[in-house]
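Open the structure in your viewer and keep the sequence panel at hand. The stops below can be selected one after another.

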Amino acid sequence: YGFYINDIEQRNTGTFRKGPAYVSDEDVFSIYRDTDLSRYEGGAAQREADGYPLGFQIEQNIYSWGFGDYADMLFIKYLFIHPEEYQDTLYDCWMASVMDVDIALRTAPRAGAQNDRARYYSEEDTLNLAVQWTNGDRGEAGQGFGYLGFNFLESPAVDPDGFLRTDKKQFPVQEQLGLRTMRNWPITVDPLTDEDRYNFISSGQRDGDDGPGDRRLLRATGPFYMRAGDSARIVVGLIRASTATGNDATGTTEDMAELLRKVRFAQFVYNNQFRAPRAPDISVIKGYNNGDAFFQVPSRGWLPLNNAVVIQWDSTSEVSIDTLE
């Protein structure tokens, strides 16, 4: 998948001839750590007494596209790094992706947030899928709102002792921990203490549809052990789809047919290293040769005529190959 190069002297086409490796139409990359205790609830003194920081660096990539089925998929890749400098082992680790999505009209976001629904898709555990939709009784009815799916495209694999496996670059879904906990709850009952939050994440509970409300969704994987220097990669897919009938969403398996198709397609795309159709390679504009004289125009690469322009380029685009198209 490539790595961020944190060295401006290497970030040039002399070192990397084709420039940076973009995976999607728009790659977004960020790095953050948990070491600034002043940003914690309770303040630095309390959190230091509680044993923080744990010592994590997270490298996050967001991938998105703008065409076909790809336009309805967004992948978020988290690389949780436990730096060697901490020289300790972390046991019984759980990672959770939490999102608070409101499915509503832009003209009435607060009212529309009160009637959202969600559930774990228990009909097929291997999809590692949570689904959200809206009742449609607060102005959303008939607007074409469908489903939003959240699935774990990748989660860690562990050895018999519970430590992260490093013997492969990528593990098949059946060897991964998968989505172990899926919680669906109203924001009025957020778990507030560290212990409550850990128990909430690690419960192994997979919530069904608890009716409409302003709901939050949590998807968690674990447990796994991390030695100093280990990294855990978790990839979450956000997939949107219309209903089977084109009417308002009902939350039934039959109505989610289009979502399920796209979820399986997203897994295929991810398993094949984000394979997507790509544009032809860029040709080199060469100027114009009329047979008698060669008009080389390096600064422009074109020849102006009376009511016309002549352009000449090499065959780079024509001979480039995209196996998907």
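Predicted model: local features only at pLDDT ≥ 70, side-chain atom pairs only at ≥ 80, totals over all residues.

**The cores.** Select Y78, F80, F150, F224, M226, A232 and I234. Among the 26 residues of the largest nonpolar core, these touch the most other members. Now colour the strands β3 (73–81), β4 (90–99), β5 (116–120), β7 (147–154), β9 (215–226) and β10 (231–241); each of them supplies at least two residues of this core. Another core, of 25 residues, lies apart from it and includes W65, Y147, A241 and V263.

Stay with F80 for a moment. Which residues is F80 in contact with, leaving aside neighbours within four places in sequence? They are F56, Q57, I58, M95, M226, D230, S231, A232 and I234.

**A buried asparagine.** Go to N61 in strand β2 (residues 57–64). N61 counts as buried because its relative accessibility is 13%, under the 20% cut-off. Show side chains here: that of N61 makes a polar contact with the side chain of Y63, at 3.3 Å. Beyond four places in sequence, N61 is in contact with V28, F29, F75, I76 and K77.

**A nonpolar patch.** Turn to the surface and select I285, W302, V309, I311 and W313. Together they form a nonpolar patch with about 490 Å² of accessible area. W302 belongs to strand β13 (residues 302–305) and is partly exposed, at 31% relative accessible area.

**Charged pairs.** Side chains of opposite charge can pair when their charged atoms come close. The count of salt bridges in this model is 19.

- Select R33 and E85, whose closest N and O atoms are 3.7 Å apart. R33 is in strand β1 (residues 26–33) and E85 in the loop between β3 and β4, 52 residues apart. R33 is partly exposed at 38%, whereas E85 is exposed at 58%.
- Select E41 and R197, which meet in a salt bridge of 3.1 Å, N to O. E41 lies in the loop between β1 and α1 (44–49) and R197 in helix α3 (residues 194–201), so this pair ties together parts 156 residues apart in sequence.
- Select R216 and D100, with closest N and O atoms 3.1 Å apart. R216 lies in strand β9 and D100 in the loop between β4 and α2 (109–112), so parts 116 residues apart in sequence are tied together.
- Select R165, D167, K168 and E175, which are linked in a network of salt bridges.

**Last stop.** Find P172 in the loop between β7 and β8 (181–186). P172 and E154 are 18 residues apart in sequence, and their C-alpha atoms are 8.6 Å apart in space.

Methods: Residues numbered from 1 in each chain as written. Heavy atoms only, no water. Patch = residues over 30% accessible without salt bridge, like charges linked within 9 Å, V, L, I, M, F, W, Y side chains within 5 Å. Areas by Shrake-Rupley, 256 points an atom, 1.4 Å probe, with all protein chains shown as cover. Salt bridge = Lys/Arg side-chain N within 4 Å of Asp/Glu carboxyl O. Helix = DSSP H or I, 4+ residues; strand = E, 2+ residues; numbered from the N terminus. Buried < 20%, exposed > 50% of the residue type's maximum accessible area, 1.4 Å probe, protein only. Core = buried A, V, L, I, M, F, W, Y, C linked by side-chain atoms within 4.5 Å. Contact = heavy atoms within 4.5 Å. Polar contact = N/O pair within 3.5 Å; in protein donor to acceptor, adjacent residues only side chain to side chain.
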